[in-house]
Amino acid sequence: MLTEREESYRVLLLWQKEGAFIKESGLSPFAMELALGVCRRHLYLEYFIKTLTKKMPSLEVKTVLEMGLFQMFFMDVPDHAAINTSVELAKSANLGDGAARLVNAVLRSARRTGEPALPPQRVRRVSIENSVPEWIVRRWFDIYGADAAEAIAKSTLERPVEWVRVNTQKSSAPVVAQKIGLHGASILYDRYIELPRDVGVKLLLALPEFVKGEFSFQNPSAFEVVKLLDLKPGLKVWDACAAPGGKSALMAEMDSSLEIFASDSSAARLEKMQDLMNRLGLTNVKTECIDVLAPNNANLSSLVCSLPPEGGHAHVSAKALSGQRSSKFDRILLDVPCSNMGVIARRPESVYRLTPESVKELSELQYRILENASKFLAEGGRLVYATCSPDPMETTQVINRFVKAHPEFVKAGNAILPGKNDPRLDGFFAQALEYKK
């Protein structure tokens, strides 16, 4: 078991030093639970260590201590095993005999004293107890009120539900559930299968059904967002911030007659996305490397011009296109870059990267993406703006600012928050806009 702990330690250091994502590391189930758990409770574990030491140790030693404390207090690992393996980890990581002795002494002290008392001030307590930076907790207190803010903070510590999305072009949810041994599992929207807690995603990746493209992994909140597009057969759809491609694939699985153009500014991410489409056998998705923010984007103009407008020719000049919204996209999906504040439990690394300034910068980026992409929507078309953050600065404020500046766009119904009434769903926000000249 030391090897698994060594892998967790390595990944945790990569996260703290280089900002690497833990879930992309391919760890074993035990190592993944340990690494993600330490990340989710990082501020609390750091606070715990401060109460047990006179001086905060080095990053490497502190990481070993956090792993030991997490195993002792939040995993089903005997105290003696957590202590002994942590000491061995300090030695195998070449941290020195002094570090190994410190790890042993601190963890034994923690076993004697138990968990520390928390500060009485509520914002500070909620921040430490749930490992959410204090400025974010204070922001949530201001936006949602104290009780709701504390509930949101607590939810970030919960292990998120994992879901299989069945490729309905190849099979059905009941058939796939039976084939992969998930008898009696909850099925949502006729295509999503809820994974029991004891079933690891990594084990399913090796199944022939996955290799043959019968299923992928996606939270059902994506379906709620895509539903807002009001898709109809034969429409031209642009997924403008598409990578890693889950929503494009979902739309293609829902209707093979859709013409889906999926773009992203990252060629590497698009390459992985194309691999996904190939595995799923989806032929109605075309991928292009496009920066939505690039002025006079030649790639995008070329892409749109190649689309045959109703009753017209297959190619239209860029100049002519500027006055012909009918030759543009019928639907546009903007799943914009965001703070990830609605999916902290799934992406715990994100909460430590945020600053008040970065959220403001994100909201400006989101507005610019919305403005640029909206130019390519056909008259009478529908655009859906979505984020995996419920924060008003990234959601309603962006939408309201845009509608005020562009009265030709109107809100189509109310915004949705898929995770609001079902805790199994991710915390997305989505608002549909229609272009009415």
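**Figure 1. Strands β5 and β6 pair in the parallel sense.** This is a predicted model. Four bridges link β5 to β6, which covers residues 259-264. Within the pair, Val237 stands opposite Ile260 of β6. β5 itself runs over residues 236-239. Both of its faces are covered. Lys236 and Trp238 lie on one side and are buried.

**Figure 2. A cis peptide bond joins Ala243 to Pro244.** Omega of this bond is near 10 degrees. Pro244 sits in the loop between β5 and α14. Helix α14 takes in residues 246-254.

**Figure 3. Asn284 is a buried loop residue.** The loop lies between α15, residues 267-280, and β7, residues 285-289. Is Asn284 buried or exposed? Asn284 counts as buried because its relative accessible area is 13%, and the cut-off for buried is under 20%. Which residues touch Asn284, leaving aside neighbours within four places in sequence? They are Ala252, Asp255, Ser256, Ser257, Leu258, Glu259 and Ile260. Take Asp255 from that list. Asp255 and Asn284 are 29 residues apart in sequence. In space, their C-alpha atoms are 9.2 Å apart.

**Figure 4. Four strands form an open sheet.** The order is β2-β3-β1-β4, and the pairing is antiparallel. Which strands stand at the edges? They are β2, residues 187-188, and β4, residues 215-217. Each has a single partner strand, so one side of each is left without a neighbour in the sheet. Strands of a sheet pair through backbone hydrogen bonds.

**Figure 5. β2 meets β3 in an antiparallel pair.** Two bridges connect β2 with β3, residues 192-194. Ile187 stands opposite Ile193 of β3. Tyr189 is found in the loop between these strands. What is phi of Tyr189? The angle is near 55 degrees, a positive value in a residue other than glycine. Tyr189 counts as partly exposed because its relative accessibility is 24%.

**Figure 6. Asn340 has a positive phi.** The angle is near 65 degrees, and the residue is not glycine. Where is Asn340? Its place is in the loop between β8, residues 329-335, and α18, residues 350-353. Asn340 counts as buried because its relative accessibility is 13%.

**Figure 7. The whole chain sets the close-ups in context.** The chain has 20 helices and 11 strands. Its C-alpha trace spans about 80 × 50 × 40 Å along the principal axes. With 437 residues, a compact globule would have a radius of gyration near 22 Å, and the 24 Å of the chain agrees with that. Buried residues make up 52% of the chain. Count the contacts between residues at least 6 apart in sequence: 70% of them join residues at least 24 apart. The accessible surface comes to about 19,500 Å². Carbon and sulfur atoms account for 52% of this surface. There are 55 positive and 52 negative side chains. The centres of the two sets lie 2 Å apart.

Technical notes: Residues are numbered from 1 along each chain as its sequence is written. Side-chain values use heavy atoms; hydrogens and water are left out. The radius of gyration is taken over C-alpha atoms; the globule rule is 2.2 Å times the number of residues to the power 0.38. Buried means under 20% relative accessible area, exposed over 50%, partly exposed in between (1.4 Å probe, protein chains only). Contact means heavy atoms within 4.5 Å. Accessible areas come from the Shrake-Rupley method with a 1.4 Å probe; for residues, only the protein chains shown count as cover. Lys and Arg count as positive and Asp and Glu as negative; His and the chain ends are not counted. The place of a charge is taken as NZ of Lys, CZ of Arg, CG of Asp or CD of Glu. Two strands pair if DSSP finds at least two bridges between them.
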